[in-house]
Amino acid sequence: MTPAARWALVAGVLVIAALVAVVPMVNSQDGADGGEDLGSARAAAQLEGCETGSGTPAGELRGVDAVCLADGSQVDVGEVVAAGDRPTLINVWATWCQPCREELPLLDAYAAEPGAARVVTVQVESGQREGLELLAELDVDLPGLHDGDGPSGPVREALSVPRALPASYLVTRDGDVELIRQPRLFTSAAQIREAVRAGGER
């Protein structure tokens, strides 16, 4: 083998070795948002799954897709929030929203009460990891959807969600969806019970 050929062979081996070293690093960085790191965040949060409701799919949300925070799957929001023998309460929140942080544990406590409405949360305007970490910190394990980390998303568009958060909606057995206006912010489980009762009578 000539010296030139030997040097070419050595150079080729070095290039291959460099590629082998770099590729795992790239894959690791790519997985930061949706791979192993996010999997550990999901495991820590231990959220309930996004099970399909037993009633009529919510009209405005039928065919609207979002990510289930519990496992990263794409789900039809209208089917997830479909009310059956009890209404569904949808709560839209963001990690930067301090009132949301105060309201989420109240919703979690309310959802555990006998006869409570089913509660499904919708995280907006921040990454899934941020949401999962906050829910784990607050010890809130409600079923959660992610509507994207941008200024708008399909769920927000379908419901015309106001900019001021949090915002809660009640889904009736007929699939109607109504914004809960009184109160706009829950400060007790009793308020949530009353809002659900009043919404069910309309």
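**View 1. Cys50 and Cys68 form a disulfide with their sulfur atoms 2.2 Å apart.** A disulfide here is a pair of cysteine sulfur atoms within 2.5 Å. Cys50 lies in the loop between helix H2 (36–45) and E1, and Cys68 in strand E1, so the pair ties together parts that are 18 residues apart in sequence. The link of Cys50 and Cys68 is right-handed, with 90° about the S-S bond. Cys50 and Cys68 are buried, where buried means under 20% relative accessible area, exposed over 50%, and partly exposed in between (1.4 Å probe, protein chains only). Helices (H or I, at least four residues) and strands (E, at least two) are DSSP runs, numbered from the N terminus. The model is predicted, with pLDDT of at least 70 needed for local features and 80 or more for side-chain atom pairs, while totals for chains, interfaces and linings use all residues. Residues are numbered from 1 along each chain as its sequence is written, and side-chain values use heavy atoms, with hydrogens and water left out.

**View 2. Cys97 and Cys100 form a disulfide with their sulfur atoms 2.3 Å apart.** The torsion about the S-S bond of Cys97 and Cys100 is about 85°, so this disulfide is right-handed. Both Cys97 and Cys100 are buried. A search of the whole structure finds two disulfides. With bonded cysteines counted along the chain, the disulfides of the protein chain follow the pattern 1-2, 3-4.

**View 3. Strand E1 (residues 65–68) runs antiparallel to strand E2 (residues 74–76), joined by three bridges.** Two strands pair if DSSP finds at least two bridges between them. E1 and E2 form a hairpin with five residues between them. In the turn, Gly72 has a positive phi of about 80°. Val67 has Gln74 in E2 as its bridge partner.

**View 4. Strand E1 also pairs with strand E5 (residues 144–146), in the antiparallel sense and over two bridges.** In E5, His146 stands opposite Val67.

**View 5. Val124 is found in the loop between strand E4 (118–123) and helix H5 (128–138).** Val124 counts as buried because its relative accessibility is 1%. Contact means heavy atoms within 4.5 Å. Not counting residues up to four places away in sequence, Val124 touches Val92, Trp93, Ala94, Asp147, Gly148, Arg156 and Leu165. The C-alpha atoms of Val124 and His146 are separated by 6.3 Å, with the two residues 22 apart along the chain.
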